[in-house]
Amino acid sequence: MTEPKTYSRASLTLRNGLIAIIGFFILIFMTGILAGYLSEVIENKEIFGVDIVIIPVILFLLAGIVLSMIKLWRVQAVEPIAKSTKKARYWISVGLAFGVALGIFFAIIGGGGPDKLLSNQPVSPTLAIVGIAIWLTVVPFGTWAWWRSVDEHEATAYRDGAMVAAHAYLFIAPTWWLAARAGWVQTQDPMIILLIVSAIWSAFWLYRKYT
């Protein structure tokens, strides 16, 4: 029987990081394509035969990307996977799928296209209520469920990532604010700051988790 392939900690960190980063951007790109396509279909109020083929194909590709990321992540284990790790990965998978679906929904409402995901254009009160309700109920529940499933090592790595991210925000936000007031850069965008801080948090969390 062939022995399962193993990886060093450094190699594991690099591979998982590349999977997460590349997979994230591919998902964003595909989500934008689907949102734009669905937006056009809804705007035209007519579904053609080609639409019945293209839409499922895009959904199939999205599902394939997510499943491929999960599979690649799992086969890289250097030791038996604990039940807590499997459960944590389950909640991450659920969160990823939910995030893609939510992104498609907001992009369609906003007019379709990847650029609409972070748009600051006005939205209807109904959409705002739905978004706020989801963000304050479903998202905290998912985070809490994931937190309860992780082991001590991952919890520590997550907290360390949070500390680094908080310090990053402490330095980035005031710097951008002053630079904008001096006319050097555009006015600070809170969602861009959130993405930067979240990326730093996730990167340091993964680094501490696999080193």
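How many aromatic pairs does the structure hold? The structure holds eight, where rings of Phe, Tyr and Trp (its six-membered ring) pair if their centres lie within 6.5 Å. Planes under 30 degrees apart count as stacked, over 60 as edge-to-face and the rest as tilted.

Before we look around, a word on the ground rules. This is a predicted model, in which local features need pLDDT of at least 70, side-chain atom pairs count only at pLDDT 80 or more, and totals for chains, interfaces and linings use all residues. Residues are numbered from 1 along each chain as its sequence is written, and side-chain values use heavy atoms, leaving out hydrogens and water.

The predictor's confidence in each residue, pLDDT, runs from 0 to 100. Its mean for the protein is 75, and 69% of the residues reach 70 or more. Helices here are DSSP runs (H or I, at least four residues), numbered from the N terminus.

| Pair | Geometry | Centre to centre | Angle between planes |
|---|---|---|---|
| Tryptophan 146 and tryptophan 205 | edge-to-face | 5.4 Å | 80 degrees |
| Tryptophan 147 and tyrosine 158 | tilted | 5.6 Å | 55 degrees |

Tryptophan 146 sits in helix 4 (residues 125-149) and tryptophan 205 in helix 6, 59 residues apart. Tryptophan 146 is buried at 7% relative accessibility, and tryptophan 205 is buried at 13%; buried means under 20% relative accessible area, exposed over 50%, and partly exposed in between (1.4 Å probe, protein chains only). Tryptophan 147 of helix 4 and tyrosine 158 of helix 5 are eleven residues apart, and tryptophan 147 is partly exposed at 33%.

A search of the whole structure finds one salt bridge, meaning a side-chain nitrogen of Lys or Arg within 4 Å of a carboxyl oxygen of Asp or Glu. Arginine 208 and aspartate 160 form this bridge, with their closest N and O atoms 2.7 Å apart. Arginine 208 belongs to helix 6 (residues 190-209) and aspartate 160 to helix 5, so the pair ties together parts 48 residues apart in sequence. Aspartate 160 is buried at 18%, while arginine 208 is partly exposed at 32%.

Finally, the nonpolar cores: sets of buried Ala, Val, Leu, Ile, Met, Phe, Trp, Tyr and Cys residues joined through side-chain atoms within 4.5 Å. The largest has ten residues, including Ile19, Leu34 and Met69. Helix 1 (9-44) and helix 2 (49-74) each supply at least two of its residues, and helix 2 gives the largest share, six. A second, separate core of seven residues includes Trp146 and Val150.
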